[in-house]
Amino acid sequence: MPPAPEGPATLAEDEVRSLARLANLDLPDAEIQRLTGDLGRILAYVRQLEELDVTGIEPTLHVEIERAPLRADEPHESLPHEIALREAPRTSMEGFAVPGFVEED
């Protein structure tokens, strides 16, 4: 990837502070200043990409998962019961204990 173009920040510190507030992030001033520069360079790079002539190029709807290498779906021995439950935060009735999610009357 080519380096992001240098240039004036396209994002103001107030906008970065607003984004941080929306994300419930309490960032120090130094981090706000650093993110303002980083995000400004990212936005400038995106603007540069928008200038490309993509006439005749089909949009990419998805990556080709079909070509991803998959392991064979073959049965094999599982972990012994004791080892599988050894790291569980809670067990119950010789299985994993999970919080209830259905209210009972």
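## Packing of α1 and α2

In this predicted model, the axes of helix α1 (residues 13-22) and helix α2 approach within 9 Å and cross at roughly 110 degrees. Angles of 65 to 115 degrees count as roughly perpendicular, and α1 and α2 are therefore roughly perpendicular to each other.

On the α1 side, the contact is made by Glu 13, Val 16, Arg 17 and Ala 20. Helix α2 contributes Asp 29, Ile 32, Gln 33, Leu 35, Thr 36 and Leu 39. Sorted by class, the contact of α1 with α2 holds 5 nonpolar, 2 polar and 3 charged residues.

## Salt bridges

Side chains of opposite charge can pair when their charged atoms come close. Across the whole structure, 6 salt bridges are found.

## Nonpolar surface patch

Leu 49, Leu 52, Val 54 and Ile 57 make a nonpolar surface patch of about 390 Å². Of these residues, Val 54 is located in the loop between α2 (29-50) and α3 (81-86).

Methods: Residues numbered from 1 in each chain as written. Predicted model: local features only at pLDDT ≥ 70, side-chain atom pairs only at ≥ 80, totals over all residues. Heavy atoms only, no water. Patch = residues over 30% accessible without salt bridge, like charges linked within 9 Å, V, L, I, M, F, W, Y side chains within 5 Å. Areas by Shrake-Rupley, 256 points an atom, 1.4 Å probe, with all protein chains shown as cover. Salt bridge = Lys/Arg side-chain N within 4 Å of Asp/Glu carboxyl O. Helix = DSSP H or I, 4+ residues; strand = E, 2+ residues; numbered from the N terminus. Axes fitted to C-alpha atoms, helices over the stretch in contact; angles between N-to-C directions. Parallel < 35°, antiparallel > 145°, perpendicular 65-115°, else oblique. Contact = heavy atoms within 4.5 Å. Nonpolar A, V, L, I, M, F, W, Y, C, P; charged D, E, K, R; others polar.
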